[in-house]
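Here is a short report for a reader new to this structure. Take a look at the model, then read on.

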Amino acid sequence: MGKLEDELKEIISFRYGGVPKFANEIGIPKSTIYTVLNKGISGGSVSTVLTMLSKLGIDSNWILKNRLIEVGNEPDEFYDCPLYGSIAAGTPIEMVEVEDTFPVPSEMHRRYPDAFLLRVEGESMNRVLPNGCMALVDPCDTVEYDGEPYAVCVNGYDATIKRVRVLANGFELDPDSTDPTYKPVVYDYGVEDTETITVIGRVVWYCVPFDWGF
């Protein structure tokens with residue numbers, strides 16, 4: 001265990017009174033956090049380490065880019081993925097202005113070489129995609145995995161992310177939120193003036209910026 005792990009222990013103890021409360025706050029098992037702190041941060045999964053650092057206000061982007069830690073024992077295993085603030089239907093991805101880049105595991109880039117990051121805004125998917133996170137979207141124009149999160153455009157406007165269910169003649173967009181005021185919306189093309197749904201891509205992963213939640 002190194003200096004960084006010692007500092008993380010001190011911060012967690014000072015701010016949260018210990019690992020159990022911190023684990024409950026970020027939704028990660030306390031046993032997983034104890035493993036990272038006691039056996040070394042390099043042994044933790046990318047998602048666990050990034051979530052911990054982000055919640056504690058530590059610039060994980062800067063740390064990863066400068067290789068100060070090697071998450072998952074895979075040095076130099078990150079890819080600077082393009083981040084878009086919004087995408088409208090019908091706009092070629094190469095024509096969309098890149099807002100920033102953010103390091104994602106190279107394994108994700110190998111699996112989804114054309115994927116890009118899309119900033120998530122709002123609480124409609126907060127059970128699986130917290131407000132402010134960056135969703136990795138694998139481009140496609142059809143829904144292959146019914147009920148999974150997809151980035152879609154409604155009537156050509158900026159992309160929104162919802163769980164998408166394919167209907168006989170349209171789509172149902174389902175939120176996945178702790179807020180019960182978000183309701184499923186059905187787009188039935190058999191009904192006159194129904195708005196058109198355009199599939200942008202499937203969400204396959206997400207990450208959080210270092211200042212997320214602050």
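## Strand pairing

Strands β1 (residues 78-84) and β2 (residues 100-105) pair in the antiparallel sense, over six bridges. Pro82 stands opposite Thr101 in β2. β1 also pairs with β3 (residues 116-119), here in the parallel sense and over two bridges. Leu83 has Leu117 of β3 as its bridge partner. Strands pair if DSSP finds at least two bridges between them. Helices (H or I, at least four residues) and strands (E, at least two) are DSSP runs, numbered from the N terminus.

β1 is mostly covered, with five of its seven residues buried. Buried means under 20% relative accessible area, exposed over 50%, and partly exposed in between (1.4 Å probe, protein chains only).

## Basis of the model

This is a predicted model: local features need pLDDT of at least 70, side-chain atom pairs count only at pLDDT 80 or more, and totals for chains, interfaces and linings use all residues. Residues are numbered from 1 along each chain as its sequence is written, and side-chain values use heavy atoms, leaving out hydrogens and water.

## Helix α2

Helix α2 covers residues 19-26, and its buried residues are Val19, Phe22, Ala23 and Ile26. Seen down the α2 axis, these fall within an arc of 100 degrees, so they line one face of the helix. The arc is that of the directions from the helix axis to the C-beta atoms. Lys21 and Asn24 are exposed on the other side of α2. Just after α2, Gly27 takes a positive phi of about 75 degrees.

## Cysteines

The whole structure has zero disulfides (pairs of cysteine sulfur atoms within 2.5 Å). For Cys133, the nearest cysteine sulfur is that of Cys207, 7.6 Å away. Cys133 is buried, at 0% relative accessible area. Cys207 is buried too, at 2%.
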